[in-house]
Amino acid sequence: MDLIFFGMQGAGKGTLGKSAAERYGMRIFETGGALRALAQEDSELGHKVKSIIEAGHLVPNEVVMEIVEDFMSKLPKNTAVLFDGIPRKVEQAQSLNELLKKHNRTYKAVLIDIKKETAFKRLATRRVCKSCKNVYPTTYTNSSCECNGELVTRADDNPEAIKTRLEAFEKETIPTINIYKDNLIKIDGEPTIKEVEILAFKALDGIMPPPSNS
Ligand code: AMP
C-alpha cells in the first residue's frame, strides 16, 4: 500500500518520510527534491523551475505530473511508494488518483499537523546538508552534517518565500487534503521529530507490512 504524506512545510514530512519508507521498505517520491534536480539543469525548463521554486510558488501541474508519471512507469513491481509533496493542488490530486488507479494501487493519506507559527519558525531557522539533504533544526549547533557535508540555508527558506509557500499551503493544499478526509491518518507534528516518529509508527504499524527489522 502506498502512503501520501501531507504536512505544512517544516512539519518534518521529509525526515519522517525517510524513516517510514525505511521501516516499511518503500520507495520515496520526493516532489520538491525531483523539482530541485530539474532546476539544476541548464535548460529553459530548468531555469523556469528554479525561479518558481526560489520565489516560493508552485510549479505548473503538467511539469510535476510528467515527473511522477515517469517515476511510476519505472517503478519495480511490488514496490510501495511514499509520496512526499504531492498532491499540493486539487487538480494534482485528481491526476495522481487517476495515475494510481491506472497502476492498480491502493493508498492511505497521512497528515503531519503543525501550526503555521511553528512552520514559519522551523523554516526560518533550519539548515540543510548540501550533499545528503538531511535537514537540521536550530537545536543542531554543529557546523557540518553528520556526513561531513556543508550545512546551508535553502534558497526558498527566506522570509518572503516562506510566506508565499505557507499561503499556497493554506489556499491550495488544505482543500486538497480535504479530498482525502475519509482515508486520512492525522499525526501531531508539534513535538520533537523522535516523538512524532513514535506517534506515526504507532498509527502506521497496524496497516503497513511488518517493519523490516522484525
Ligand atoms: P518542498 O521541498 O516540498 O518544500 O518543495 C520545494 C518547492 O518545490 C515548492 O515550494 C514548490 O516550488 C515546488 N513543489 C514541490 N512540490 C510541488 C507540487 N506538488 N506542485 C508544485 N510545485 C511543487
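## The loop with proline 87

Proline 87 sits in the loop that runs between β3 (81-84) and α5 (90-102). The model you are looking at is predicted, and in it the peptide bond leading from isoleucine 86 to proline 87 is cis, with omega near 5°.

## Around the ligand

Which residues come closest to the ligand? Arg36, His57, Gly85, Arg88 and Gln92 are the closest, within a shell of 15 residues that surround the ligand. By type, that shell divides into five nonpolar, five polar and five charged residues. Helix α2 (residues 31-39) supplies the largest share of the shell, with four residues.

A polar atom in the side chain of arginine 88 is 2.6 Å from a ligand nitrogen, and a backbone N or O atom of glycine 85 is 2.8 Å from a nitrogen atom of the ligand. The side chain of arginine 154 has an N or O atom 3.0 Å from an oxygen atom of the ligand. How much of the ligand does the protein bury? Taken alone, the ligand exposes 490 Å², and the protein buries 96% of that.

## Rings and a charge

Now have a look at the aromatic side chains, where the structure holds six aromatic pairs. One of them joins phenylalanine 29 and phenylalanine 71: the ring centres are 5.0 Å apart and the planes meet at 55°, so this pair counts as tilted. Phenylalanine 29 belongs to strand β2 (residues 27-30) and phenylalanine 71 to helix α4 (residues 61-73), so the pair ties together parts 42 residues apart in sequence. Are these two residues buried or exposed? Both phenylalanine 29 and phenylalanine 71 are buried.

Elsewhere, Phe6, Tyr107 and Tyr180 are linked into a cluster by ring pairs. There is also a charged residue placed over a ring: arginine 23 lies over the face of phenylalanine 201, 4.3 Å from the ring centre.

## Two residues with positive phi

Most residues other than glycine have a negative phi. Asparagine 78 is not a glycine, yet its phi is positive, at about 55°. Asparagine 78 is placed in the loop between α4 and β3, and it counts as exposed because its relative accessibility is 84%.

Lysine 133 is not a glycine either, and it has a positive phi of about 70°. You will find lysine 133 in the loop between β5 (127-129) and β6 (135-136).

Aspartate 182 is located in the loop between α7 (159-179) and β8 (184-188). With a relative accessibility of 74%, aspartate 182 counts as exposed. What distance separates the C-alpha atoms of aspartate 182 and valine 64? They are 25 Å from each other, and the two residues are 118 residues apart along the chain.

At 39% relative accessibility, lysine 18 counts as partly exposed.

Note on methods
Residues numbered from 1 in each chain as written. Predicted model: local features only at pLDDT ≥ 70, side-chain atom pairs only at ≥ 80, totals over all residues. Heavy atoms only, no water. Near = heavy atom within 4 Å. Polar contact = N/O pair within 3.5 Å; in protein donor to acceptor, adjacent residues only side chain to side chain. Areas by Shrake-Rupley, 256 points an atom, 1.4 Å probe, with all protein chains shown as cover. Nonpolar A, V, L, I, M, F, W, Y, C, P; charged D, E, K, R; others polar. Phe/Tyr/Trp six-rings, centres within 6.5 Å; stacked < 30°, edge-to-face > 60°. Buried < 20%, exposed > 50% of the residue type's maximum accessible area, 1.4 Å probe, protein only. Lys NZ or Arg CZ within 6 Å of the ring centre and 35° of its normal.
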